[in-house]
Amino acid sequence: MIINEKTCIDAWKKSLKYILEDGSDFIDSDERQCREVLNLVVNIEEPEKDYNKVIEAMKQFEWIYPTIEELSTIIFNKEDLVIYEFSYGHRIFNFMDKKDQINDYVIPLLKSDPSSRRAVISLFNPATDSDTLNKNVPSLMFIHFKIKVDRLNCTCFIRSNDFFIGWPGNIYQIYLLQKFVADKLNMKIGVLSTVSCSAHVFHEHFDNVKKTI
Amino acid sequence: MHDTEEVILNVFKNNSSKELNTEFLAKKVYPQEYSIIENLLQSTDRVQIHDGKRRKFQTHRKLLYYLNKLIDSKIIRVAKTADKGEKYFVLEAGEGDTIIEKGYKKIIITKPSITSTQIDKYESKGVMKKYEEDSWINRFNSILLECSKEKNIDKIYETMTDCFTNINDAIALNEFENVLNSTNERTLKEFIDKLSRETDSSNNTVSIIINLSRVNHDIYQFIDYYSKVNPKKINMIFNLGNKDIQKCSKILEHIIERFSDTKIKINFKNDDLCYAPYFKGRAGIYTFDEQEWDIYSKKFKDKVIGVSCSQSQIAININKFFEVYDTDAEFRQAILNTAKALLLANTIQRRKSNEYFRNINNMNHPNSADFYKFSRDYIRFWNYDWHKDMEENRNLFELIKSTKELVDNFCLSEETIFKSCGIPIRFKIAFSSAFRNFDTKFMGEREYKKATVNRAEDYYNGEIKSFIQIREKMFEIFDGGDRLRIFRKSDFAIADIMHELGILLNAYRIPFFTYDFSGLKGTVKLTNFM
């Protein structure tokens with residue numbers, strides 16, 4: 001299924017509706033009931049318009065959502081905080097304490113070869129993540145950057161995506177990264193896409209999902 | 001850091017959210033000088049008043065010199081300038097804990113944050129209390145150190161003293177029998193002496209956990225020495241199963257004799273019921289989730305020096321709560337708010353973990369993350385008063401049980417939310433009972449029934465039996481551990497206690513219990529009853 005929308009909030013609502021109506025139920029390893037669709041592709045044409053609105057929408061509920069400061073810190077912080085199993089920033093900007101995938105690879109690559117299809121970063125590390133007992137594995141696996149008609153497009157591959165509570169934070173973080181790279185390249189923001197292998201919603205959140213859509 | 005700067009920062013430490021004016025600070029920083037100034041200013045003699053004003057000006061100028069240095073270091077800032085140019089200063093640091101290091105001196109200032117707003121209405125009514133508020137974010141409550149890998153007692157002591165600064169309650173030494181089996185008596189005695197001095201001068205407690213069936217050395221002298229020193233903040237916890245009573249009968253009898261003589265509490269963990277260790281702190285009992293302990297033992301135990309058990313904790317006085325609030329719904333909401341406060345505390349702790357726990361991280365390098373893997377936060381209950389009316393007890397059980405389910409779901413949802421956002425946190429809350437030493441002022445008097453046992457037959461009589469059965473149920477709900485405390489009175493033969501041990505290990509599902517001999521008169525001798 002491919003969902004094309006202009007804004008993040010519309011894409012989110014349409015996707016949630018699709019999962020509720022067309023998804024199939026299963027019970028996950030924590031024994032929680034989920035409804036899921038596989039390989040959901042969402043294209044947002046103008047993410048800059050409302051990339052933080054989906055997070056705002058989460059504030060109406062009982063739980064505590066990470067602050068936007070924490071979300072942006074986690075995507076940009078190079079430091080490996082030992083209290084986390086992994087952190088996105090460390091994997092993006094200091095992968096295995098060796099590689100800054102954005103500043104030392106994506107940006108120089110796209111500057112030298114704007115048509116490149118190789119501008120991909122990996123947040124998945126098979127050396128540590130391919131462990132049958134390790135449940136704390138990044139959901140965001142790869143992010144691909146592609147310049148098209150002078151705009152920087154960004155596609156993120158997400159292996160497991162709680163579309164109600166997780167996707168808003170993901171979109172905020174991916175947008176910040178897209179903007180960071182676009183600014184370095186003096187380019188406008190293009191389409192932001194997510195490819196969710198398992199796009200799901202927990203049954204316990206159904207009431208809130210229905211309120212949202 | 002200059003001494004005066006340190007004094008100024010200590011004033012801010014106690015007033016971390018307030019804007020403090022120069023006069024207030026001067027009174028606190030230079031109390032003696034300021035008392036002279038105030039006397040002079042209250043005088044009717046014009047010369048003395050003039051002298052007072054001069055001294056006040058000089059004191060303020062001296063203080064401003066140090067305040068400006070702290071402003072330059074971006075530790076404080078001018079919040080406002082009031083009429084007549086009087087300046088007000090405020091801490092520059094944001095919410096949570098800030099470590100200020102200048103030279104060799106280090107001060108930790110906790111600035112109340114959003115974490116407090118979740119529960120401040122309960123705190124102001126005296127029904128809820130954070131444990132050790134000054135350090136509830138920048139220190140762990142309790143950790144467990146393994147003695148299976150490192151058996152050298154001097155190195156264990158060194159690790160403990162390194163960890164003391166990161167802990168505000170308890171350190172457990174697990175499988176201490178490994179040390180007992182490989183250390184001579186003199187060194188063991190020195191260890192008890194050093195540890196006793198160390199814990200006496202701090203708020204930390206230590207639990208020495210011994211699997212009696214695995215002791216293969218003569219530990220009689222060690223037990224004798226421990227009883228003689230009777231260290232108030234070092235507990236011994238004996239792990240044993242029913243079969244071990246026979247196997248370890250001699251040493252058990254010796255322990256009972258010595259400990260009852262010196263009125264030391266004897267703590268037993270029932271190995272037949274649970275695998276995870278139990279240990280005692282000032283705040284209460286600590287333990288681990290049984291399944292997680294299994295994973296830890298199989299996969300992580302050999303890679304780390306130990307494991308963190310509890311990060312932050314809050315106590316609630318149940319009787320008082322229901323004096324102020326009426327409904328179960330309010331109770332559930334209060335506990336949910338407590339869970340939120342703990343989550344926000346964890347958020348700050350996470351952000352600053354490299355700063356707060358650098359030494360522990362270094363000790364566990366390269367497996368530093370594994371140290372935090374099984375840690376929980378604690379919500380502890382005080383004065384939940386057992387009613388004679390079983391119906392009322394049932395209602396309380398159900399309330400606590402259903403609230404625990406609510407809290408578990410909240411924790412799971414929050415873990416999912418944060419994990420989905422690339423912040424793979426561990427957030428688990430355990431329920432447990434509180435000890436009075438959690439905070440004696442807040443706790444007030446204990447309103448519990450006491451289980452006073454005079455003879456083995458008491459375990460089969462109606463009152464004690466039903467009391468223990470209620471505690472069995474609480475053990476099921478209190479996943480953070482609980483303790484059954486038996487007050488043992490009257491004359492007894494050591495064999496009686498051995499018999500009672502068998503009853504407690506066999507007939508009841510009580511994972512952890514303590515024999516308290518404080519009600520005994522005189523001393524007990526083995527020979528008296530032989």
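Start by selecting β2(B) and β3(B), residues 87-91: the two strands pair in the antiparallel sense over 5 bridges. Strands here are DSSP runs of E with at least two residues, helices are runs of H or I with at least four, and both are numbered from the N terminus. Pairing requires at least two DSSP bridges between the strands. This is a predicted model, in which local features need pLDDT of at least 70 and side-chain atom pairs count only at pLDDT 80 or more, while totals for chains, interfaces and linings use all residues. Residues are numbered from 1 along each chain as its sequence is written, and chains are lettered from A and ligands numbered from 1 in the order in which they are written.

Contact means that the C-beta atoms of two residues, placed from the backbone, lie within 7 Å.

**The cores of chain B**

Select I143(B), L145(B), I171(B), L173(B), I208(B), I314(B) and I316(B). These touch the most other members of the largest nonpolar core, which has 169 residues. Helix α15(B) gives the largest share of this core, 10 residues. A nonpolar core joins buried Ala, Val, Leu, Ile, Met, Phe, Trp, Tyr and Cys residues through C-beta atoms within 7 Å. Buried means 20 or more other C-beta atoms within 10 Å of the residue's own; exposed means 12 or fewer, and partly exposed lies in between, with C-beta atoms placed from the backbone.

Centre on L173(B). Leaving out residues up to four places away in sequence, L173(B) touches L145(B), C147(B), I156(B), V206(B), I208(B) and I209(B). A second, separate core holds 14 residues, including L9(B), F12(B), I76(B) and L91(B).

**Chain B, zoomed out**

Of the 530 residues, 41% are buried.

**Across to chain A**

Select the contact: 23 residues from chain B and 29 from chain A. On the chain B side, α15 (328-351), α16 (353-356) and α18 (390-420) each give two or more residues. The largest share, 7 residues, comes from α18(B).

**Chain A**

Show chain A, with 8 helices and 7 strands. Its C-alpha atoms fill a box of roughly 50 × 40 × 30 Å along the principal axes. Buried residues make up 39% of the 213.

Finish on β2(A), residues 24-27, and β3(A), residues 33-44, which pair in the antiparallel sense over 4 bridges. I27(A) has Q33(A) as its bridge partner in β3(A). The two strands form a hairpin with 5 residues between them. In the turn, pick E31(A): its phi is positive, about 65 degrees.
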